[in-house]
Amino acid sequence: MSEVKSKEFQSASKAALNDKGLQRLLGRVVHGFADLRDAAVEEVTEPVWEQLRERARSIKQQTLANLDYYLELVDKSVTRNGGHVHFAKDADEANKIVLEIAKRHDVKRVVKSKSMVSEEMGINQVLEANGIEPVETDLGEYIIQLAKETPFHIIAPALHKSREQVSDLFHDWLKSQPTNEIEELCRIARDELRDKFATADMGITGANFIVAETGTVMLVTNEGNGRMTTSAPRVLVTLAGMEKVVPALEDLATFIRLLPRSATGQRISAYTTFLGGPRSATDEDGPEEYHLVLVDNGRMNVLKDPEMREVLQCIRCGACLNTCPVYQKVGGHAYGWVYSGPIGAILTPLLVGMDEGKELPFASSLCGACKDVCPVKIDIPRLLLRLRGRATEGGNGVKGSAPWIQKLMVRRWFSSVKTRQAMNRSAKLGRLLQRPVARGGRIKRIPLPMVSGWTQQRDFPALAPKSFSEVWRDSLDKP
Amino acid sequence: MHQTRRGRQSIKASLFITCTIDQFYPQVGEAVVKVLRRLGVDVNFPEAQTCCGQPFFNGGYRQEAKDLARRFLDVFDGNDYVIVPSGSCGSMVRSFYSELFADDADALARAEDLASRTYEFSEFIVNVLEVTDVGASFAGKVTYHDACHLLRELHVEDQPRSLIQAVKGVELVEMEASQACCGFGGLFSVKFPHISTAILDSKLQSIEASGADVVVANDSGCLMQMGGAMSRRNMKAKPMHLAELLAQEGGRA
Amino acid sequence: MTLLPDEQAKKEFLERVRTALGRTEPLKHVPDHPSLKMELPQQEQKVRTIQAKNEARRERLITALLSRAEQMGWRVNRVPGPEEAARAVAEIARDAGAKKAARSAQDIFKRVDVDGALRKMGINPLVLASGRTRHRSQLKGLSFEAEVGITGVDYAIAETGSCVVIPRKGLSRMVSLAPPVYIALVEPAQVMESLDDVFAIRRMQYMQNNGRDTNYMNFISGPSRTADIEMTISIGVHGPGQVHLIMIG
């Protein structure tokens with residue numbers, strides 16, 4: 001499993017906010033994606049869009065509720081197509097399978113199109129450690145591979161890199177001429193990767209969707225690297241989370257209408273690629289051999305969990321990231337793992353454990369913008385609240401672990417609002433205690449743990465001399 | 001089921017004032033009472049009320065939230081209408097009590113009943129009383145901030161704007177991204193103050209760019225967040241709760 | 001020998017899924033789904049209805065296709081017949097400065113003489129198909145050398161402005177992918193209204209051939225592109241940056 005740094009969210013988010021270059025870039029690009037998405041949805045018109053969302057939600061929900069049936073059907077179909085289907089319990093097992101396939105075929109070089117689950121697995125490091133060269137071919141993934149970083153955004157992994165930074169990377173690693181022209185940078189990458197496509201022994205893809213009935217994997221791409229990866233090498237492997245299944249070919253129409261619009265504001269991506277087995281005997285080219293590896297890596301527990309299961313409906317569009325006020329300010333690296341933004345705040349504690357991920361569900365203002373844009377109608381705020389309940393009080397195999405100072409302050413607060421009398425008493429005490437710091441109805445500094453963060457940049461209101469309840473009793477309570 | 005009703009004379013309504021307004025902004029509560037009485041509503045205030053439990057629920061302290069919510073159900077038992085001048089507290093009752101009481105059929109039934117009688121302040125005036133001109137007057141440029149829960153959980157968006165536009169002398173100017181979060185989020189604002197204020201910065205920029213003298217919102221959490229920075233930075237614009245605007249009689253910005 | 005799946009691991013995995021769903025036994029019936037239970041005869045009838053619908057709306061669909069394709073970045077050209085089509089292909093190749101133009105070995109080229117038109121322009125046509133003169137292993141290298149790739153299509157989708165290309169004998173995956181310029185020759189009968197239409201047809205074909213034919217298929221909906229650097233669009237990354245749709249008739 002790849003490294004998890006979600007515990008560092010506080011410091012990582014502070015660092016992101018202090019990074020002026022990042023802030024300039026973030027401000028421009030993330031809103032860009034959100035605006036493109038909004039325009040694309042407007043073109044579809046809202047009633048049609050809502051119908052699509054509801055249909056997608058229903059397809060995903062029904063599939064998950066019958067996932068045993070559909071996974072077995074995937075196995076049958078892909079096998080009928082001439083492929084091999086493997087089931088991996090966790091990242092380790094999945095890595096072993098891929099490595100073994102590569103070894104048996106004497107693979108020296110692997111070209112990869114985008115796969116988020118492969119980032120969970122950390123497959124690149126495993127291949128490298130075994131003398132095999134993995135080459136990311138999605139431009140954003142290629143850039144962060146050179147930079148030795150993790151993805152910054154689900155759809156655009158190198159969103160945080162300026163053209164100057166990309167130019168430096170290419171100069172350092174590819175010995176190319178420095179340039180400020182994005183077209184030129186793309187051409188450099190294209191030339192470099194063209195050779196890799198031509199000479200790679202094995203291709204690894206992810207899967208946007210897997211059709212159970214026909215054993216068809218669907219890839220949504222724009223660059224052509226997905227087509228190259230699935231056409232040029234002699235061995236092909238698809239890595240996919242077990243939740244990527246949909247029942248029928250015809251279901252794909254709904255998702256094609258939702259995914260590109262939600263992700264990049266496109267009506268459809270440049271290439272929608274369908275595969276599901278090795279080349280047939282009469283095909284001119286294509287892989288001789290095909291493997292599909294279905295990965296659990298924590299998803300089984302989520303499937304088992306009726307309160308959280310709906311997060312498995314996610315189609316990895318990234319729309320929630322683009323619309324999230326928190327993501328818009330801190331970007332993806334602060335979240336510390338493969339998945340960032342609102343969906344990452346749910347997936348990380350669920351897949352890697354609450355101990356590692358418990359900061360993340362709290363790193364949200366619960367504004368609900370994500371819920372509005374989710375194409376499969378995941379109620380993200382509600383799921384975040386459930387995780388907060390588990391993090392604080394425990395539940396579902398999780399031990400509650402709020403800091404003791406927080407528990408103490410919350411209990412005190414609770415006692416002070418349990419009854420009207422308690423509230424009145426606390427208010428009286430509060431008005432007394434605030435006298436040294438309250439000026440003109442405002443408090444400039446609250447010297448209390450936990451809440452002192454407020455007054456760094458904001459005034460806090462002083463308790464009113466009379467509460468509303470007292471005003472009511474004194475002057476408003478008239479027949 | 002929410003129903004509209006003509007003939008406001010006989011309408012009795014209980015005020016769910018929210019603990020924030022009770023303790024920090026009683027003048028907002030006074031404005032609420034003033035406006036509702038002007039519109040002929042028979043307002044009462046169940047004094048026993050304290051907190052709906054939202055801050056505890058949001059912090060993951062569901063046991064405490066449940067205790068407060070059960071008490072809340074008792075305090076507001078059997079009233080005709082319950083009016084709340086807050087989007088987030090209103091949605092705690094209307095949307096999230098069902099989450100809290102998922103395992104308790106009795107409490108759930110009572111919560112659903114309460115939800116059907118609970119209205120946010122502007123929603124009540126426009127949808128139930130069917131009034132948009134409450135007889136207020138205020139000279140100044142006003143911009144409106146869509147509080148997140150009010151907008152996305154209670155789906156209240158047009159009503160506050162209709163009410164603001166009907167105030168004599170007011171010029172309603174829409175700010176860019178009025179629906180963007182102000183960064184409050186309750187616990188979030190103190191647990192991640194750096195992110196909270198970064199989000200707030202963008203909101204304040206929108207307010208300033210709109211040229212408004214006043215920013216109106218229906219949520220005292222938002223007003224606390226925005227107002228707290230506006231006073232710290234001596235901004236020209238001032239925060240105001242919708243009720244305070246609607247209670248204005250010849251005021252100026 | 002290749003790595004065969006671990007059957008025991010598979011069994012245990014599926015059992016864990018069942019347990020997670022609260023089941024002790026596998027499902028005895030197909031889950032409820034709008035189309036999954038449709039058998040082949042009904043699916044064939046459904047496809048006949050779709051074909052009839054598309055035929056009745058053909059002219060309108062062609063207009064919609066060409067308009068949408070242009071929006072998506074295709075350069076679009078409608079020509080009256082095969083001669084004009086061949087000439088259009090050759091002109092595109094000439095304008096692209098091509099010396100080698102690769103094409104598939106599909107039936108359409110028996111009617112549209114692109115070879116003749118290209119040779120007239122001094123451009124060398126390469127047929128990228130295995131056969132007497134060429135071995136399969138040469139095809140990849142040749143497709144990387146060509147400056148233009150030309151194929152027919154299986155379908156064109158008006159809803160999305162897409163050309164649907166399914167590889168087979170005579171039609172490689174690479175010929176429409178590797179060269180920087182791609183030309184798709186489309187005929188009216190191939191124009192479908194929607195994604196639903198194409199998927200219905202593909203389902204029927206899958207049921208008919210029981211997985212024997214290749215599953216591989218591409219919807220090509222414009223030129224290759226990326227916005228991965230500073231969200232600025234750049235056209236022509238790994239696939240063709242210039243794509244032409246020629247409607248013949």
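Of the two pairs of chains that touch, which has the most contacts? Color by chain and look at chains A and C: the most contacts are between them. Keep in mind throughout that this is a predicted model.

**Stop 1: the pair that does not touch**

Show chains B and C together. No contact joins them. Their closest C-alpha atoms are 20 Å apart.

**Stop 2: chain A as a whole**

Select chain A and hide the rest. Its C-alpha atoms fill a box of roughly 90 × 55 × 45 Å along the principal axes. Switch to cartoon: the secondary structure of chain A comes to 22 helices and 15 strands.

Now consider the packing. Chain A has 479 residues, and 67% of them count as buried. Take the contacts in chain A with a separation of 6 or more: 73% of these come from residues 24 or more positions apart.

The accessible area of chain A is about 17400 Å². Carbon and sulfur atoms own 51% of that area.

Then pick out the charges. Chain A carries 66 positive and 60 negative ones.

**Stop 3: the domains of chain A**

Select 45-297 in chain A for domain 1, then 404-477 for domain 2. Give each a color. How many Å separate the centres of these two domains of chain A? Taken over C-alpha atoms, the figure is 54 Å.

**Stop 4: the domains of chain B**

Move to chain B. Domain 1 covers 8-126, and domain 2 covers 132-252. Here the centres, again over C-alpha atoms, are 21 Å apart. Select the contact between the two domains of chain B: domain 1 gives 30 residues and domain 2 gives 25 residues.

**Stop 5: the cysteines**

How many disulfides does the structure hold over all chains? The count is zero. A disulfide is a covalent bond between the sulfur atoms of two cysteines. Two residues are worth a visit here.

Go to C317(A). The nearest cysteine sulfur belongs to C320(A), 6.3 Å away. A disulfide needs the two sulfur atoms within 2.5 Å, and C317(A) is in none. Is C317(A) buried or exposed? C317(A) is buried, with a relative accessible area of 7%.

Finish in chain B at C89(B). C89(B) is in no disulfide either.

Note on methods. Residues are numbered from 1 along each chain as its sequence is written. Chains are lettered from A and ligands numbered from 1 in the order in which they are written. This is a predicted model: local features need pLDDT of at least 70, side-chain atom pairs count only at pLDDT 80 or more; totals for chains, interfaces and linings use all residues. Side-chain values use heavy atoms; hydrogens and water are left out. Helices (H or I, at least four residues) and strands (E, at least two) are DSSP runs, numbered from the N terminus. Buried means under 20% relative accessible area, exposed over 50%, partly exposed in between (1.4 Å probe, protein chains only). Contact means heavy atoms within 4.5 Å. Accessible areas come from the Shrake-Rupley method with a 1.4 Å probe; for residues, only the protein chains shown count as cover. Lys and Arg count as positive and Asp and Glu as negative; His and the chain ends are not counted. The place of a charge is taken as NZ of Lys, CZ of Arg, CG of Asp or CD of Glu. Domain bounds come from an automatic or database domain assignment.
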